[in-house]
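Student: I would like to go through the terms used for this model and see what each one rests on.
Tutor: Then ask about the terms, and each will be set against its definition.

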Amino acid sequence: MFSNEMYELGAHSSVIREIFEYGKRRKAEIGAENVFDYSLGNPSVPAPPVVNETIKRLCDTMVSTELHGYTSAIGDQNVRQSIADYLNKTYGTAFSAKNFYMTAGAAASLSITLKALTEPGDEVILFAPFFPEYSVFSKAAGATPVIVKCLPDSLQIDFAALEQAVTPHTKAVIVNSPNNPSGVVLSEQTIQTLCGFLRKKQEEYGKPIILISDEPYRELVYDGVKVPYLTKYYDNTIVCYSFSKSLSLPGDRIGYILVPDEVACSGEIYKAVCGAGRALGYVCAPSLFQFLIPACLGQTGDISVYKHNRDLLMNELENDGFFVAKPDGAFYLFLKSPEEDAAAFCEKAKQFELLLVPSDSFGFPGYVRLSYCVATDMIERSLPAFRALAKAYQLKS
Ligand code: PLP
């Protein structure tokens, strides 16, 4: 009568959502100011002013039927060319409009790309900790996710584990830097080693392995940390980009897929992307938000707020004796659970009204994720609760 697989996905909401819902109930019981909710990755800084200004200008100046009408399925030509120009200027690349396919955010970029690339029997490597939907999108595309755990503490790639996991069935490898859930940025050294490793494997198997770079947090980095632009390191790179976090527009659903000319069979893959977008029912990316993009390229919300939040929390947690993986970007901290069972630690944290997410669903047990895209004063109010939690575990205080 219905698809069991889809039923399972729909019936069991994510742990993150469950905690978020618990938070809503708890806030109603004891007052919102007394609950310290670190569960969701919803940007807390407003979109930069250029967003609203441009939307108003577009509404005032564009013909309504064009502004709100369908664009071509791949996205508006001028919008795609403006993104190409911006990337070429910023990273010294040589893209043009034909390399881009506009999407409804990174989730759409990823699900379309995986559907375009894979066939049943293909494997997709996911580095844990990873965004849980990678597994959902890979399976929905008919591929098999293969999990490779990152090195403990540094959370850089474990190449010995990767060597064990790659097979002639490996079709793609997904990287996400800065990372959700850890905030870790892959170092240039790690990227170079990864690309060298993939080139060697391509040669050994006589077939391409695609590196999918999932980049919703590219611009969210602190202290001058650089995020290598992967198409410059490895020819078979496809970028799945989103403006959700950089422009604080997660509900408006806008992003793109970039298939550079250097990718093996790039023309055919681009067509397969068009086909996958069609099969999945993405008629075109939201038009108003496509037309917004040229004016906003290179802009972000005020990310100094995230840096301030990160520093505030990091200081407290380290002083309390917790271990936190080095978070150079995004707006997440990945904290080592002081007991083996991270879910039990999260339950304990709830006693102090701290809502944290256990790392099991990110494929990397033993940690918890804190989303610090929250009001700074909530963080300040929560510091005594972290201190008390550390004390309950008799950590150094
Ligand atoms: N990839 C990662 C790593 C994410 O954290 C998210 C959202 O949180 C997405 C993809 C999906 O982003 P979007 O809102 O652009 O679909």
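Predicted model: local features only at pLDDT ≥ 70, side-chain atom pairs only at ≥ 80, totals over all residues.

Student: What makes Tyr241 and Phe243 an aromatic pair?
Tutor: Rings pair if their centres lie within 6.5 Å. The centres of Tyr241 and Phe243 are 4.9 Å apart, so the two count as a pair.

Student: Why is the pair of Tyr241 and Phe243 called edge-to-face?
Tutor: Planes over 60 degrees apart count as edge-to-face. Here the angle between the planes is 75 degrees, so the term applies. Tyr241 and Phe243 also belong to one aromatic cluster with Phe95, Phe100 and Tyr256.

Student: How do you know whether Tyr241 and Phe243 are buried or exposed?
Tutor: Buried means under 20% relative accessible area. Tyr241 has 5%, so it is buried. Phe243 has 4%, so Phe243 is buried too.

Student: What kind of aromatic pair do Phe331 and Tyr332 form?
Tutor: The pair is edge-to-face, with 5.1 Å centre to centre and 70 degrees between the planes. That angle is over 60 degrees, therefore the pair is not called stacked or tilted. Phe331, at 0% relative accessibility, is buried, and so is Tyr332, at 1%.

Student: How many aromatic pairs are there in the whole structure?
Tutor: A search finds 19.

Student: Why are strand 9 and strand 11 called edge strands?
Tutor: The open sheet has the order 9-12-11. Strand 9 and strand 11 each have a single partner strand, so one side of each is left without a neighbour in the sheet. Helix 12 packs on this sheet, touching strand 9 and strand 12.

Student: What makes strand 3 and strand 4 a pair?
Tutor: They are joined by 6 bridges and at least two are needed, so they pair; the strands run parallel. Val124 has Pro145 in strand 4 as its bridge partner. With helix 7, the two strands make a right-handed β-α-β unit.

Note on methods:
Residues numbered from 1 in each chain as written. Heavy atoms only, no water. Helix = DSSP H or I, 4+ residues; strand = E, 2+ residues; numbered from the N terminus. Contact = heavy atoms within 4.5 Å. Axes fitted to C-alpha atoms, helices over the stretch in contact; angles between N-to-C directions. Phe/Tyr/Trp six-rings, centres within 6.5 Å; stacked < 30°, edge-to-face > 60°. Buried < 20%, exposed > 50% of the residue type's maximum accessible area, 1.4 Å probe, protein only. Right-handed = clockwise from strand over helix to strand, strands pointing away.
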